[in-house]
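Open your viewer and get ready to select residues. This tour goes stop by stop.

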Amino acid sequence: MSRTSTQVAGVKFDSYICNASGPLDASFEELQSLGESKSSAIMMKSCTIEPREGNPEPRYVRLPHGAIQSMGLPNLGYKKYLDFVKDLKKYSKPIIASVSGLSLDDYVVMVKEFQKSDVDLIEVNLSCPNIEGKPQVAYDFEQSEKILSAIRNLGKKPLGLKLPPYNDFSFQKQMAELILKYDIKFITCINSIGNTLVIDPEKESTIIKPKRGFGGLSGEYIKPVALANVRAFYELLNGKVSIFGVGGVNTGSDAFEFLLAGADAVQVGTVFEKEGSGCFERINMELEEILLKKGYDSIESVKGNLKYL
Ligand code: RRO
């Protein structure tokens, strides 16, 4: 067992670092490559009932400290991912499905099918910001409750929620109540910050095409927002629910900050898109070194131990 091994919702992870749903995880080849990498899990692209091409290009642009994108849920449709799971089992690491319904019924159908599959965890994405005319579900607590009530008893695999950034404690409190009421086993904080705008002053233009330039912001820019959400939920959920931290994890030191805030593991998206799969081993080694230097021998011994002034 390594110093950075961890558990999420009772499932063992060989290290603290895995990929985030989104970049480079939609095709079978990409998922195989994640299987061969040092990512401690194979996290799949959020899927829908039908395959989707996604939004028109350009739809993903790297920025100096992150990225803006409006991908629009390009994916092969959930049936393909159900098929892939059988082959991906050979990598002997946790497999995480991510489902993103366009209606309540979609969530029910997909959760039911993944419950019958060999995936280890099911992440229910309530926070995709990039579908024209479809608001992020997790900002609507009534609709969120309807979905949670409909999917809670469809099988025994742990269900998790991919949450958007919240910037007021009253919202995190309302969501935490739902998480506990519906026995959600893990949460992923945070999705990209939705509907941000980046402008190119030379061209006097937006830099992505969909939605008149509005898109999800990720990377270093959003780390303080992600840390705040991890910390707020860690305090509200009293250790009863596992937390994936995601948003601006670029170095072992970033991962260590998420650990102090209370994350059980972190996911890497923007840096994975830029650096490729070597990032998982690099960040994990950097984290190992920090733990070693500080005299910590496990994730559990540091988790949540943020000091207050
Ligand atoms: O595909 C996307 O546009 C997308 C999704 Br599903 C999501 O959850 N978050 C995001 O920033 N982009």
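How far does helix 3 reach from its first C-alpha to its last? Select residues 104–115: helix 3 has 12 residues and reaches 17 Å between those two atoms. That is close to the 16 Å expected at 1.5 Å a residue, where the expected span is 1.5 Å times one less than the number of residues. Helices (H or I, at least four residues) and strands (E, at least two) are DSSP runs, numbered from the N terminus.

Two notes before you move on. This is a predicted model, in which local features need pLDDT of at least 70 and side-chain atom pairs count only at pLDDT 80 or more, while totals for chains, interfaces and linings use all residues. Residues are numbered from 1 along each chain as its sequence is written, and side-chain values use heavy atoms, with hydrogens and water left out.

**Inside helix 3**

Color Asp106, Tyr107, Val108, Met110, Val111, Phe114 and Gln115: these residues of helix 3 are buried. Buried means under 20% relative accessible area, exposed over 50%, partly exposed in between (1.4 Å probe, protein chains only). Now show what covers them, including helix 2 (78–88), strand 7 (95–99), strand 8 (121–125), helix 4 (141–151) and strand 9 (159–163).

**Helix 1 against helix 2**

Next, select helix 1, residues 28–36. Helix 1 and helix 2 pack at about 35°, with axes 11 Å apart. Axes are lines fitted to C-alpha atoms, for helices over the stretch in contact, and angles run from 0 to 180 degrees between N-to-C directions. Which residues make the contact? Helix 1 brings Phe28, Leu31 and Gln32; helix 2 brings Tyr81, Phe84, Asp87 and Leu88. Contact means heavy atoms within 4.5 Å.

**The cysteines**

A disulfide is a pair of cysteine sulfur atoms within 2.5 Å. By this rule the count is 0. Select cysteine 18: the nearest cysteine sulfur, that of cysteine 279, is 11 Å away. Cysteine 18 is buried, because its relative accessibility is 0%. Then go to cysteine 189, whose nearest cysteine sulfur belongs to cysteine 18, 14 Å away. Cysteine 189 is buried too, with a relative accessible area of 0%.

**Last stop: tyrosine 182**

Find tyrosine 182 in the loop between helix 5 (169–181) and strand 10 (186–189). Is tyrosine 182 buried or exposed? Tyrosine 182 counts as buried, because its relative accessibility is 9%. Leaving out residues up to four places away in sequence, tyrosine 182 touches Glu145, Leu148, Ser149 and Arg152. Arginine 152 is 30 residues away along the chain, yet the two C-alpha atoms are separated by 6.4 Å.
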